[in-house]
Amino acid sequence: MAAKIAFFRPHPLPFFTFYSPARPIAKSLFIHLHSYATTTTTATAAAIAFSNISYGPSLHKGHSPFPLELPKYHTSGENVTSFDEAAFTRVFDISALRVPSEICSTLENRFRGHLLNWPRIKNIARVSGDEIDDEIKTILPNSDNSAESEAEAEAEELVALNRRIYGKAEGDGELLNSVLYRDKLARTFNSQGYVNFRNLAKISRPKKKKKMMDGGEKRGVKGVGRNDMAFVEVVECEENDVDDFSGLLGEDFGKRPKWRGSTRLLLLDEQYANKLLEELPEAIKVAFQEHDGQCTRSAFELVKCKLTLLYDYWQLNEVLEVLLPKGMTIPSAFETVGHIAHLNLRDEHLQYKHLIAKVVLDKNKPKIKTVVNKVDAIHNDYRTMQLEVLAGNNSLVTTLVENGLRFQVDLASVYWNSRLATERQRLLSCFTYSDIVCDVFAGVGPLAIYAAKKVKHVYANDLNPCAVEYLERNSVLNKLDRKIEVFNMDGRRFIETVFASQGAPSITHVVMNLPKDAAEFLDAFRGVFRRHGLSEQRTLPRIHVYGFSKAEDPEFEFHQRIRIALSEVDFDVEMHRVRLVAPGKWMLCASFLLPERVAYSRTGQHL
């Protein structure tokens, strides 16, 4: 059985327990793969052998100590919103080398290629309860030393003690005791304070921050990791070098193996599971021979282990692949807006929407706090989406960061698309520091505010009053409100107002990012300069208009729509494919210099 040796120390230091393996009897020795404790459940049945599935962990491999029951769905189509997370526990048989912690790093480099190489699993496991404080370690006997070496060590300790007593230890590296140290400080005090104050660096060092655990207990941030992903159990130990503590500590303690120093587990590759030492690679055999030749008491042995992977280990697509019907497309992609995950589920997924949302929320905590799904396409003039909250809190107001700028949005009342961040960067590269930009459909200002950091001035407009409110708020939030002039009006009226202003500087770029209807607003540019006349030199703006196209040649089809809207055919247009929004449906950006005949046309529409 797994023996336990107890060491006592004077109050107030805590009680320490150390585990050391014993081979024939299989008891569970818990070793966690992360730095703080994990609640574990021991499998009651033996793990099955690895199947012929490809290398690495899988929910279709190993043994599950809990039966997996798929959620039951009602006849109305609504599904149960929860499932048993324990059913996703998988136990795998592996082999490991238990080695002294001092040589663990060296052996890891030697055995590279023979160790476990699973994602998110470290191939070195710390043996819980096997550590010991340096203060206790100094008083433990070292059986490797002979009687002569022990006598020499005692003599050296006596000399060091005498040097500390008479205050002569500081020169050879030995620290003075507290009384002599304070006396030395008193003698070295001058007008500038204590000289060579030993603890000055420690006092000036900032304290480590503490994090609150669920139960209110504080813990340090050192070694922070997910403690509920995986753990290892040593199930085979050997019974030798046993100490009997039953007479001293009671019958419950019984016989325990001797503690042989701090150790680590080197987890071997899955192909070496249940293998004997003779079947292992030569590099491992040579290491065993070298260790046997040294005749040391430190642990160096081959042990059998059970590696348990819990629900939090598995990825989103792996969990959904098990929960959803076979053959159904796994909806693993979604848009992230602040703390909100925005799904766009297909009709086949709607029956399982709450189940999918729960898994998305579990696998993306704590960043994601709300999961929503778009109920219907955008049909209103304000470009707002109808969203259904599937999991998490009901708040759709969030703050996000894009390109170093902060934006506050309310997805229930404004439009936002994080997938256009790359397109906004591309468009900004077309601007210069002397440009004046006009954003006809600005929304909450992702492009207008981003451009205000670079260009001279920005005119931003949107028809949605809520979007204009957030546009003004975001301008102040990013300290760019002096370079942005905000309007709340229809797109055609905004174009006429800006270009008709006599005192306004010449606009160099116009952005029209309303892919569904932007091309229909191009007729507003006919005759925008007719009041100024050809004699007055005006800078012709460069137009960037967006649109959708389902044609076989989307660039040609979109170009034709632009020509019809402007009633002009003789001008060059640069086309750029932004992204494929749906199968066969492209989002395009057409950039062109406003033709002079269009700008000074006498047949322009009176707005």
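How much accessible surface does the protein chain have, and what part belongs to carbon and sulfur atoms? The accessible surface comes to about 33100 Å², with 51% of that belonging to carbon and sulfur atoms (areas by the Shrake-Rupley method with a 1.4 Å probe).

Keep in mind that this is a predicted model, where local features need pLDDT of at least 70, side-chain atom pairs count only at pLDDT 80 or more, and totals for chains, interfaces and linings use all residues. Residues are numbered from 1 along each chain as its sequence is written, and side-chain values use heavy atoms, leaving out hydrogens and water.

The protein chain has 15 helices and 27 strands (DSSP runs numbered from the N terminus: H or I of at least four residues for helices, E of at least two for strands). Of its 607 residues, 44% are buried, that is, under 20% relative accessible area with a 1.4 Å probe, counting protein chains only. Take the contacts (heavy atoms within 4.5 Å) between residues at least 6 apart in sequence: 70% of them join residues at least 24 apart.

Now for the inside. The largest nonpolar core has 45 residues, and F88, L265, L309 and V371 touch the most other members. A core here is a set of buried Ala, Val, Leu, Ile, Met, Phe, Trp, Tyr and Cys residues joined through side-chain atoms within 4.5 Å. Helix α9 gives this core its largest share, six residues. Leaving aside residues up to four places away in sequence, L309 touches P57, F88, F92 and W118, among others. There's also a second, separate core of 39 residues, including V409, V437, L447 and Y546.

On to the rings: the whole structure holds twelve aromatic pairs (Phe, Tyr or Trp rings, using the six-membered ring of Trp, with centres within 6.5 Å; planes under 30 degrees apart are stacked, over 60 edge-to-face, the rest tilted). One of them is F92 with W118, an edge-to-face pair at 5.2 Å centre to centre and 80° between the planes. F92 is in strand β4 and W118 in the loop between α1 and β5, 26 residues apart. Both are buried. Elsewhere, F499, F525, F529 and Y600 form one aromatic cluster.

| Charged residue | Ring | Distance to ring centre |
|---|---|---|
| R473 | Y470 | 4.6 Å |
| R492 | F521 | 4.6 Å |

Methods
Buried < 20%, exposed > 50% of the residue type's maximum accessible area, 1.4 Å probe, protein only. Lys NZ or Arg CZ within 6 Å of the ring centre and 35° of its normal.
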